[in-house]
Amino acid sequence: MSESELKTDELSILELLFLSATNLNKFKWDDLLELFNCDYSESQENQLKILDGTVNHPLVKKYPLKLSYQQYFLKLIVKKLEARGIEVSEQLYQKYVELLNKDANEEAGSYHYKHYRLPNGNYITLSEKSSIISQGTTGLCSWQGALALTNWLWENKCLIEGKTILELGSGIGLAGLSLMSFCQPSHFYFSDCHPEVLKQLQTNVKLNLEQLHSGTYSTGRYFYCFSSALINHKLSWNALL
């Protein structure tokens, strides 16, 4: 792989991690900082590419990540560049100051967006909570298990095509919406039992299906949201164990 391809790969990984609001401690900062072991002009250009792939990304501008996450991300970038004696670009400083001047109190306890890149290159955008437990449920945020299931579905999508699918415990919809991005079951049923989770699930379904499958949400051909409590008289959960 050429040096140019390596840099492109690092920027792509950075974009993937940032847009899904991955814990910043999991970033490979040393690899990322190698992008700036170059002349001044290229270093400045790479800093602009980082901005374009993160805080200035079109998805982030339309559906912003948690403000404090964006602020801390740029703070770390600036700190690490300065520690290496690398001149920080004026645009990076300006963006950092712009984010610092926003009122973080406005987002307290609110929903935030995350963007998950799928194996086919599409993104799923979800409105979710940052806390693992919120409003008495763990269903208002995405889990690693949903990402693992998404990868399995991608590798085995031939098993899903044309089938009627019922997802038990859809949460806010990551696995199901991901599936609809690269597969076409005849019908897909989302389900969950918590009223707030159902409300947020419906928000995310509408948000993504208007982008992925024009008109399918409005016609209701494939997608339904309902509470598992409504089918308790038909399906015994204990019988599945």
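This is a predicted model: local features need pLDDT of at least 70, side-chain atom pairs count only at pLDDT 80 or more; totals for chains, interfaces and linings use all residues.

Biologist: Which helix is Ser68 in?

Modeller: Ser68 lies in helix 5.

Biologist: And how far is Ser68 from Leu100 in space?

Modeller: Their C-alpha atoms are 8.8 Å apart. Along the sequence, Ser68 and Leu100 are 32 residues apart.

Biologist: How do helix 5 and helix 6 cross?

Modeller: First, some background. Two packed helices are described by the angle between their axes and the distance between the axes. Here, helix 5 covers residues 67-83 and helix 6 covers residues 90-100. Their axes come within 9 Å and cross at roughly 145°. The crossing of helix 5 past helix 6 is left-handed.

Biologist: Which residues make the contact?

Modeller: From helix 5, the list includes Leu67, Gln70, Leu74, Ile77, Val78 and Leu81. From helix 6, it includes Leu92, Tyr93, Lys95, Tyr96, Leu99 and Leu100.

Biologist: Which residue does Lys95 form a salt bridge with?

Modeller: Glu98. The N to O distance is 3.1 Å. Glu98 is partly exposed, at 38% relative accessible area.

Biologist: Why can Lys95 and Glu98 reach each other?

Modeller: They are three residues apart in helix 6, so about one helical turn separates them. In general, side chains of opposite charge can pair when their charged atoms come close.

Biologist: How many salt bridges are there?

Modeller: The count comes to five. Another one joins Lys49 and Glu45, with the closest N and O atoms 3.6 Å apart.

Biologist: Where do Lys49 and Glu45 sit?

Modeller: Both are in helix 3, which spans residues 40-53. They are four residues apart, so they are separated by about one helical turn. Lys49 is partly exposed, at 39% relative accessibility. Glu45 is also partly exposed, at 42%.

Biologist: What about Lys114 and Glu128?

Modeller: Their side chains meet in a salt bridge too, at 3.7 Å from N to O. Lys114 lies in strand 1 and Glu128 in strand 2, so the pair ties together parts that are 14 residues apart in sequence.

Biologist: Staying with strand 1, what can you say about His112?

Modeller: His112 is found in strand 1. His112 is buried, at 9% relative accessible area. The C-alpha atoms of His112 and Ser127 are separated by 5.4 Å. Along the chain, those two are 15 residues apart.

Biologist: New topic. Which residues make the nonpolar surface patch?

Modeller: Ile132, Ile133 and Trp143 make it. The patch is about 350 Å². Ile132 is exposed, with a relative accessible area of 53%. Ile132 lies in the loop between strand 2 and helix 7. Strand 2 is 123-128, and helix 7 is 144-155.

Biologist: Now Val205. Is Val205 buried or exposed?

Modeller: Val205 is buried, at 1% relative accessibility. Val205 lies in helix 9, residues 195-212. Val205 and Gly173 are 32 residues apart in sequence. In space, their C-alpha atoms are 7.1 Å apart.

Biologist: What is the phi of Ala21?

Modeller: Near 55°. That is a positive value in a residue other than glycine. Most residues other than glycine have a negative phi. Ala21 lies in the loop between helix 1 (3-19) and helix 2 (29-33).

Biologist: Okay, zoom out. How many helices and strands does the protein have?

Modeller: There are 10 helices and five strands.

Biologist: What share of the residues counts as buried?

Modeller: 46% of the 241 residues. The protein exposes about 13,000 Å². Carbon and sulfur atoms supply 52% of that area.

Biologist: Last one. What share of the contacts comes from residues 24 or more positions apart?

Modeller: 64% of the contacts with a separation of 6 or more.

Key:
Residues are numbered from 1 along each chain as its sequence is written. Side-chain values use heavy atoms; hydrogens and water are left out. Patches are made of residues with over 30% relative accessible area and no salt bridge: like charges are joined within 9 Å, nonpolar side chains (Val, Leu, Ile, Met, Phe, Trp, Tyr) within 5 Å. Accessible areas come from the Shrake-Rupley method with a 1.4 Å probe; for residues, only the protein chains shown count as cover. A salt bridge is a side-chain nitrogen of Lys or Arg within 4 Å of a carboxyl oxygen of Asp or Glu. Helices (H or I, at least four residues) and strands (E, at least two) are DSSP runs, numbered from the N terminus. Buried means under 20% relative accessible area, exposed over 50%, partly exposed in between (1.4 Å probe, protein chains only). Axes are lines fitted to C-alpha atoms, for helices over the stretch in contact, and angles run from 0 to 180 degrees between N-to-C directions. A crossing is left-handed if the near helix is turned anticlockwise from the far one by less than a right angle, and right-handed if clockwise. Contact means heavy atoms within 4.5 Å.
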